[in-house]
Amino acid sequence: MKVHVDSDRCQGHTLCSMIAPKMFELSEIDGHSSPVSEDVPADQEENVREAVRSCPERAIAITE
C-alpha cells in the first residue's frame with residue numbers, strides 16, 4: 001500500500017497527521033501535513049485508510 005497527498009488540493013488541515021502520526025509529519029511553518037514515506041507500514045494501513053476517508057479535500061489517495 002502506498003499513499004499520495006495532492007498538495008494542490010490539500011488545504012493544510014492536520015487531520016491526517018493526527019490519525020496516522022507515523023505516516024505523516026506536520027510542518028512547523030504552515031501546519032501542512034506531508035507524507036514521511038510513500039510506503040505504508042502494515043500496522044498503519046487502517047489509520048491511513050481512515051485519514052483518506054476523513055480528508056475534507058479528498059487530497060489523500062492510496063494505491064494497493
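## The nonpolar core

The largest nonpolar core of this predicted model has 15 residues, and those with the most contacts inside it are Val 3, Met 23, Phe 24, Val 40, Val 48 and Ile 60. A nonpolar core here is a set of buried Ala, Val, Leu, Ile, Met, Phe, Trp, Tyr and Cys residues joined through side-chain atoms within 4.5 Å. Buried means under 20% relative accessible area, exposed over 50%, and partly exposed in between (1.4 Å probe, protein chains only).

Strand 1 (2–5) and helix 2 (45–54) each supply at least two residues of this core. Helix 2 gives the largest share, three residues.

## One side of helix 2

Within helix 2, you will find Val 48, Ala 51 and Val 52 buried. They sit on the same side of helix 2 because they cover an arc of only 100° around the axis, where the arc is that of the directions from the helix axis to the C-beta atoms. As background, an α-helix has 3.6 residues a turn, so residues three or four places apart point the same way.

Leaving aside neighbours within four places in sequence, Val 40 is in contact (heavy atoms within 4.5 Å) with Met 1, Lys 2, Val 3, Met 23, Glu 45 and Val 48.

Gln 44 lies in the loop between strand 3 (33–35) and helix 2. Gln 44 counts as buried because its relative accessible area is 6%. Not counting residues up to four places away in sequence, Gln 44 touches Ala 20 and Lys 22. Lys 22 belongs to the loop between helix 1 (15–19) and strand 2 (24–26), and at 60% relative accessibility Lys 22 counts as exposed.

## The whole chain

Stepping back, the protein has two helices and four strands, which run β-α-β-β-α-β from the N terminus on. Helices (H or I, at least four residues) and strands (E, at least two) are DSSP runs, numbered from the N terminus.

Of the 64 residues, 34% count as buried. Among contacts with a separation of 6 or more, 54% come from residues 24 or more positions apart. The protein exposes about 4,000 Å², and carbon and sulfur atoms supply 49% of it; accessible areas come from the Shrake-Rupley method with a 1.4 Å probe, and for residues only the protein chains shown count as cover.

## How to read the values

Residues are numbered from 1 along each chain as its sequence is written, and side-chain values use heavy atoms, with hydrogens and water left out. As this is a predicted model, local features need pLDDT of at least 70 and side-chain atom pairs count only at pLDDT 80 or more, while totals for chains, interfaces and linings use all residues.
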